[in-house]
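This briefing covers how the parts of the structure below meet.

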There are 2 protein chains.
Amino acid sequence: MTAEDADATLSGLGEFAVIDRLVAGRRQPPFVTLGPGDDAAVVAARDGRTVVCTDMLVENRHFRLDWSSPHDVGRKAIAQNAADIEAMGARSTAFVVGFGAPGDTPTAHAVELADGMWHEADLVGAGIVGGDTVKAPLWVISVAALGDLDGRQPVPRDGAQPGDVVAVAGELGRSQAGYTLWDRALPGFDELRSRHLVPRPPYGQGAAAARAGATAMTDVSDGLLADLGHIATSSGVHIDIARDALRPEVDAVADAASRTGADPLQWVLGGGEDHALVATFPGTVPSGWRAIGIVVAGRPGVTVDGDTWAGNAGWQSF
Amino acid sequence: MTAEDADATLSGLGEFAVIDRLVAGRRQPPFVTLGPGDDAAVVAARDGRTVVCTDMLVENRHFRLDWSSPHDVGRKAIAQNAADIEAMGARSTAFVVGFGAPGDTPTAHAVELADGMWHEADLVGAGIVGGDTVKAPLWVISVAALGDLDGRQPVPRDGAQPGDVVAVAGELGRSQAGYTLWDRALPGFDELRSRHLVPRPPYGQGAAAARAGATAMTDVSDGLLADLGHIATSSGVHIDIARDALRPEVDAVADAASRTGADPLQWVLGGGEDHALVATFPGTVPSGWRAIGIVVAGRPGVTVDGDTWAGNAGWQSF
C-alpha cells in the first residue's frame, strides 16, 4: 500500500490526520472564542442563555448514500438541527458533530460531508466548532446545535391561544414528493427530488416570528398535522387548518403527485422533513409567513376544514 | 400481542411514549430554563460563554452489552464528555443525547441507560436537557456537553511553558487493566473491571486547576503519553515524565498485570479511557494533584526518565 492509498480511507489516514483534513481552512464566525482542536470549544453566549438541541441521522434510515451525496447528507444534518433552533425563535451560533463510519470510507467522502455541513452552517452564520470521528459499521451522524435568543423569550410549543392565527414559513410536502419520486425511481422533477435530500428551512423566520409575538412555534419535521398536534396538545387548544390556504403548497407538488398516483394534499398535510416553521400569532402574521388556519378553544386536536384528516398524519421514529 | 408486550420494546411503545418514559420524573438543575419537550432546551450561561464538546460511542467498539449494563454505558457516555469539559477548566451544566438502537431493544434497557446518564450527570450537578431517539442496527450514543467557565479563562492545550510542573488528578491504567481482565475472561479484580466500564473523572479538579493557574490541560482519553504528546506538540515544548512518580499508579494495577503477564507501567503510560486530568502548572500543584514530570524547552515530544517509551503510547479511533 502506498502512502497515497493509505490516505484514501479513514483507517489508512488515522483519526488525527482525518480531523486535520476536516478542520483545515474553515473560517469560524467571530463569536467562536475557541474553535476545534482542544478538549472542547468556547462560544460566546451574549444573551446569557444557550439554546441547545440534537438530532441523530442513521444511514439507510434517514439518508441513503445511493440517493444523497455526502455533501447533501452534511447539509441535511445541519439544516434539521438549525430548524429546531429557529423554532425556538433563536439563531444558530455553533454546531458540534459526531461522525461514525466504516474504516474503508474514502477520506474524500468525509471531507465532502464536512463541506456540506459548512455550506449549510454558513447559510445561518454559525460555525462547526468541534466533533468526534469514530469507527462504525455504517454512517451515523449526530449533530448538536447551540443558539442565541438575542434577549428574546424562547417561543415554546405550549403557548397557543384561542383566537391566534396559524401560519407557516417555508415549504411543505416537497420532501415527501421527492421521497416518493426517488422510491419509485421516477425521472424528472429534479427540484423536488433535491428537496428530499436537502431541506430548505426558512432561516431567520424563527427570530422574525418571535419578534412578531408568536405564542407557539415548531418546525415541521414529522408532518404538518403531527407537528401542529404537538402544539395543540401542549397548549390545550384545537387547531383548524383551511384546505384552501394550502392551495399553493398543493399546486407545487400536484404534477409529481399526479405522476405517482398520490394525493398531493396528503403530502402537504402528512409529509415531514421539509423543516418549514409553523407558528401561532395573536395578531398580524409577519412578512414571509402565510396564514393557514386558526386556533380555537376545544378538545386538543387538529382538523382540516373542521374534519379529522383520514390520511396519515406523520412519521414515527420507531 | 398484548399492550404490555408492545410496551416492552422501543418499536412497540413508539418514539413519543419512549421519550416520555426517559424524561419522566427527572429533576433539572435550577439553571436549566427550559428542559426537554420542546424543539430545543434553554440553559443559563451566566458567564456569557458556553463550553461545548461531543463524543460518540458505538456498540462493540466503545462498549459491549455483554460486559456493560445499560446503566454503565450511560454513565460512561456522560463521564467522558464531562471530562472534556473539566479539561477546559469548566463545569458541566447540561447534556443532550442522541440514542440509536434496534426496534426490539427492551424499553427497560433504554430507561436503564437514561438512569445511568442521570446518575453521572448528578455527580457533576448538570441536567440532561434534550435528545433524539432513532432506530439503528446497533446501539449508538452521542452526547454533547455544555459547560460554564464561571468567569475564568479556558485552559487550552497549547499553553505549557518550560519550567512548568506536569501533574495528574484522577486514575491512570485502571481502564486498560479492566479491559485486559474482561478480554481474557479472568475472574476477580472487580474494582478494576468496573473501572473499564465506568471511568471516574476527578470532577471539580478541572476548575481547581484553572484557579491554580494551570497553563495547559487535557483529559487522559487516549493514553497518558499520547495525550501529553498533544500538549507537547501544541505548546512546542518537551515533557519528561518521572517513572518513580508513577509508582502509586503502577502499584494499583500491579497484581492484575502480574496475573495477565502484562507490564503495569505500559498500562499506566499507554492505557486510555480513565479520563484522569493532566495539566501543567507554573507554580505549586494544587491539592488533589500529583506531580509526575516537568516541561522543558526542546523538540516537542514526551519521554520517560529522559528516554523515548518503546511501548504503545495510546489509542487511535480508526
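The C-alpha centres of domain 1 and domain 2 of chain A are 27 Å apart. The model is a predicted one. In chain A, the domain assignment places domain 1 at 3-148 and domain 2 at 165-304.

**Domain 1 against domain 2 in chain A**

- Contact between the two domains of chain A involves 17 residues of domain 1 and 22 residues of domain 2.
- About 1600 Å² is buried between domain 1 and domain 2 of chain A, and carbon and sulfur atoms account for 62% of that area.
- On the domain 1 side of chain A, the residues that lose the most area to domain 2 are A:Trp67, A:Lys76 and A:Glu86, which together make up 40% of what that side buries.
- One salt bridge is counted between domain 1 and domain 2 of chain A.
- A:Lys76 also takes part in a salt bridge with A:Glu273, where the closest N and O atoms are 3.0 Å apart.
- Four residue pairs, both members at pLDDT 80 or more, are in polar contact across the interface of domain 1 and domain 2 of chain A.
- Sorted by class, the side of domain 1 of chain A that touches domain 2 has eight nonpolar, three polar and six charged residues.

**Chain A against chain B: extent**

- Chain A and chain B each bring residues to the contact: 67 residues from chain A and 67 residues from chain B.
- The area buried between the two chains is about 5100 Å², with 65% of it from carbon and sulfur atoms.
- There are 16 residue pairs in polar contact between chain B and chain A, both residues being at pLDDT 80 or more.
- Strand 3 (residues 49-58) of chain B supplies the largest share of the chain B side that touches chain A, namely nine residues.
- That side of chain B is made up of 37 nonpolar, 17 polar and 13 charged residues.

**Strand pairing between the chains**

- Strand 3 (residues 49-58) of chain A pairs with strand 2 (residues 41-44) of chain B in the antiparallel sense, over four bridges.
- A:Arg49 has B:Ala44, in strand 2 of chain B, as its bridge partner.

**Salt bridges**

- Over all chains, a search of the whole structure finds 29 salt bridges.
- Side chains of opposite charge can pair when their charged atoms come close.
- Four salt bridges are found across the interface of chain B and chain A.
- A:Arg157 and B:Asp38 form a salt bridge in which the closest N and O atoms are 3.9 Å apart.
- A salt bridge also links the side chains of A:Asp39 and B:Arg157, at 3.1 Å from N to O.
- This pair joins two chains, because A:Asp39 sits in the loop between strand 1 (32-34) and strand 2 (41-44) of chain A, while B:Arg157 sits in the loop between strand 6 (140-148) and strand 7 (165-169) of chain B.

Technical notes. Residues are numbered from 1 along each chain as its sequence is written. Chains are lettered from A and ligands numbered from 1 in the order in which they are written. This is a predicted model: local features need pLDDT of at least 70, side-chain atom pairs count only at pLDDT 80 or more; totals for chains, interfaces and linings use all residues. Side-chain values use heavy atoms; hydrogens and water are left out. Contact means heavy atoms within 4.5 Å. Buried area is the accessible area (1.4 Å probe) that two parts lose on being put together, summed over both. A polar contact is a pair of N or O atoms within 3.5 Å; within protein, one must be able to donate a hydrogen and the other to accept it, and residues adjacent in sequence count only if both atoms are side-chain atoms. Ala, Val, Leu, Ile, Met, Phe, Trp, Tyr, Cys and Pro count as nonpolar, Asp, Glu, Lys and Arg as charged, and the others, Gly among them, as polar. Two strands pair if DSSP finds at least two bridges between them. Domain bounds come from an automatic or database domain assignment.
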